[in-house]
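Biologist: I have this one open on my screen and would like to go through a few spots with you. Shall we start with the strands and then move on?

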Amino acid sequence: EQSFHFSKHLLNNKKCKSYIFFSECVFGKQVRELGSQWIPDLGVPIGVLYCMKCECIPFQRKQRIVARVQCHSIKNECPEPTCSDPVLLPGRCCKSCPGDTFNPDVIQDIVPQNIIEEEEKSIKRKLLQIEKALDKRKQHEPLVGPPLILKNEALMVDYNKNNVVATGRFTFHRKNLHFSFYISEKAARPRSLYFVNSEGSILEDFTLSHPGGLVTSVYQNATRKVCGVWKRLPKNYRKLLKEEKMYVVLVWGMKDTEFTLSGKLMRYVALATEQFSSLLEPAPGTDPMLMAGTGGTAIVSISSSVSTSLHIAIIFNGLFSSDEILEVRLNVTLTLDEKKQIILQEEVRVHKPATDLNLVELSSPVTPAQLRQLIRGRLLLTISSASKPEALRLSGNVITKATCELFQTTLASSSSSQDSNSYGTSGMAWMYLNNQGSLVYSVQIDSLPPKQQYPIITLVDISTKRRTELEDLTPYFHDGWANGTLDKLSPKILDPLYSGKLDVSVAITNETMIRGRLISKPVADAREAAAPVLLRRENYTLPPSAVGIAWISVDSDCHLHYDVSVSGIGTNKKLDLDMELYPMIAPGAPFINKHLDEFQGGQIEGSPVEALTKEELRRLDSGVSFLKVKEQDTKVVLLMAIVTKVKVPPSCGAPLTDNNVPALYDLPEVISTGECFYEDKFYKEETSWVSSREPCKMCFCQNGVAKCDVMTCPPLKCLTYNVTVKGECCPVCAESINNNREATPQKCIFNGRSYSPGSKFYPFLIPTGFDKCTECVCDPKYLEIKCTRLNDNEKSCCMNCNKSAVNVDNPMNDDEGPLIETDFLPLPKEVSTKSPKVVLMEGGCKNLNNPIKPYHNGSEYHPFIDSLGEYKCVTCKCHNGVQTCQRQSCDVDMCKRMIDMRRKRIQINASDFCCNLKECRRLRHKKNRKPHNS
């Protein structure tokens, strides 16, 4: 009971992430279908609550039906055990006996695949939407009544003076409902789309365009289509779809001046073979009063079984006078728009006109010349009343199919043998039909043989035993790409294209041939991108046929969408899909790793539940990303693609432009990871390095900012002359190099940097820079670094020390030698009982000298310097993961301790004191000096 109340408290206070969507629930990172049930997993430290059941239930909110998570205890639902000694099985809430069948704590929330496939067959996968003209409506008016009545009412003429009409196509596939619309050219792109039930409640809505009718989709802009997808259609809504009780509403304008079109989703058999569509609008010169609310669409297909013929199915309303009740005659004509040449003219009869929708069908033979005109969108279809042909008439050009779709394929060698494709040539192709009937295509070929600059790229019909080459795309090939448009499209291409029997074939002389079969893909989400990317083979144990094609896009809600198809890997391997986001390509660049999905087989598409962060959006827009397909068990990268400049919508924030890119070390994502960007390379926090351009410049990374200091070399006393060794800052004596010339060149190593024998330098200390109060030398004999403190004036030798550290008046000469001339070991520190990870999570700081013993949050310590030991002249503090250091002052008390140790002949560590004898005498003189009378 305590566990139940505690978890209920968590749910009520929204400490467990639960989001509200219209038609689905998101619990944690899991998307749940409306009507589904599950046992909640609250993660650490609660875990799985086996005695709770959660449901995704519908909830009425004003005009909308939204999904909401509701959880309750099922302890009271447990049946009374029928045996004397029941047991509680693992992962169960209720005690049970052998043979018990009623199990309220067992919830099956996975829909078998065969049930989903049966649903697809029953819905016929193809649906049609006729859009009718409707009225303007007020902001709070419910969507009931007129918006769902498909009648030709004169009352609506004031609300749709231009008689705007639209037609749509719907495809149901794997629980997703893809939608496509053609809209009158006299209307702008609609703002929103609502799916509603017969009561007018909104089931789901979609934003179709930004202010001004703007869309970022290359495909939608090129075809004037409106495309989208309703993902994971709930079971209850699939039932409405099957029973034809679902409606859609297109919305224009602002909320206070909305204009809408609506209609019912219906099934038509002719859609299974549709190749062309037509949007039928009131023809010019017709009576606007009589034609108010009238419109239609045509489904056109070509059959070439015996002879080429045209089949037309027209769905429409209106066109009937009030006195026409039975056997109404209509005229259907198909003409060449430019020459007014009649291609088809036929009279059809409607037995009993309906007030909503009517269907007429007809067929006619066509010549090849007429077929070419049809493909190019130059034929005009007209249906009119036989009694009043000038007043009641609908017309529209026959254009490419209204469905939003493109065709894509990967290109690879058919054989898995390495010998047949020694260079691993692969590629990809995608194409689509525009409104003018032209085929817009793009083909990319990767890893061509060195001397093969122009492969032969052709479209091949494989529907018959004899493979027929239809079109040659080679003339447009340049730099690995063939991009272009086939304006005069051959009629022979459409049938194999729509039936999935059209190949893209790439012939490479004397080497290999790669090919791929074009398949239809609906345009939505990921395929709203301008172009896909090629997934290249990274693991060469795979056959050359391993290749992939990936689409990546970001929607207006800042969610990432991906669609990946791979081939040549095998269907049994379990795979991971990851994306690494970099600010730019540079050594050591920090990256954000996003695990997108895991899959098995040749295809995966989806979108993470969480919206992208600002850092991720910035890197997608202006950085570089790597999309990787990995083997799940070994994490070996099999395929990889470079993704650059993914278009980020303006609603996700102002992206960086090429002309306004700030320094990378100022970007929040670089600061948050601690890396520093310097000279085209990234360095991790608290690391030091030598400038690649200036060997005398030493830098270190602190809190995401590179801090550098330039060394001035200590003087040399050479017997002959000094020389400068390439790659080193300070010169060395020539005799020290000559003495080592015969032997193998050896050097001293100090802080990861090498020094030639005999070279002198000042050690680089973090965070103060070069310490000119200490001189180090590479011993030519032992190849060891030895450092000594200098007895020069502290102010002159330590330029980077704190200016308030000493206050020198009338400095005095002192010829005493250095305090120390030997190596030292660091003093022991208090041993932490916590693990390094815990210390860092609690705000601790990294210990460069000993990574497994980081400094605790709030602690004070002295940095450790190689050869000098613990450097007590500098005190550092750790506060919330940030280290700040300050040099100590030379004071009288420190001088007293140092002199007392010297008198007792106790060895003195130069790094333990910030004073030399000269400074101590100066401070003593200043203290004993009597002040003047004021």
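Biologist: Which residue in β5 is the bridge partner of Trp 38?

Modeller: Keeping in mind that this is a predicted model, the partner of Trp 38 in β5 is Cys 54. The pairing belongs to strand β4, residues 37-38, and strand β5, residues 52-61, which run antiparallel and are joined by two bridges.

Biologist: And how many bridges are there between β5 and β6?

Modeller: There are 10 bridges between β5 and strand β6, which spans residues 64-73, and the pairing is again in the antiparallel sense.

Biologist: Changing topic, which residues of helix α4 are buried?

Modeller: In α4, which covers residues 235-242, the buried residues are Tyr 237, Arg 238, Leu 240 and Leu 241. They lie on the same side of α4, because the arc they cover around the axis is only 155°.

Biologist: What does the face turned away from that buried side carry?

Modeller: That face of α4 carries Lys 235 and Lys 239, both of which are exposed. In general, an α-helix has 3.6 residues a turn, so residues three or four places apart point the same way.

Biologist: Which residue with a positive phi follows α4?

Modeller: That is Glu 244, with a phi near 55°.

Biologist: Now Cys 227: buried or exposed?

Modeller: Cys 227, which lies in strand β12, residues 226-230, counts as buried because its relative accessibility is 6%, and the cut-off for buried is under 20%.

Biologist: What does Cys 227 touch, if we leave out residues up to four places away in sequence?

Modeller: Cys 227 touches Phe 179, Tyr 219, Gln 220, Cys 404, Val 523 and Glu 528 on that count. As for Glu 528, it is 301 residues from Cys 227 along the chain, while the C-alpha atoms of the two are separated by 9.0 Å.

Biologist: Last one, where is Gln 444, and why does it count as buried?

Modeller: Gln 444 is in strand β25, residues 439-446, and it counts as buried because its relative accessibility is 9%. Apart from neighbours within four places in sequence, the residues in contact with Gln 444 include Leu 411, Met 428, Trp 481 and Arg 536.

Methods: Residues are numbered from 1 along each chain as its sequence is written. This is a predicted model: local features need pLDDT of at least 70, side-chain atom pairs count only at pLDDT 80 or more; totals for chains, interfaces and linings use all residues. Side-chain values use heavy atoms; hydrogens and water are left out. Two strands pair if DSSP finds at least two bridges between them. Helices (H or I, at least four residues) and strands (E, at least two) are DSSP runs, numbered from the N terminus. Buried means under 20% relative accessible area, exposed over 50%, partly exposed in between (1.4 Å probe, protein chains only). Contact means heavy atoms within 4.5 Å. The arc is that of the directions from the helix axis to the C-beta atoms.
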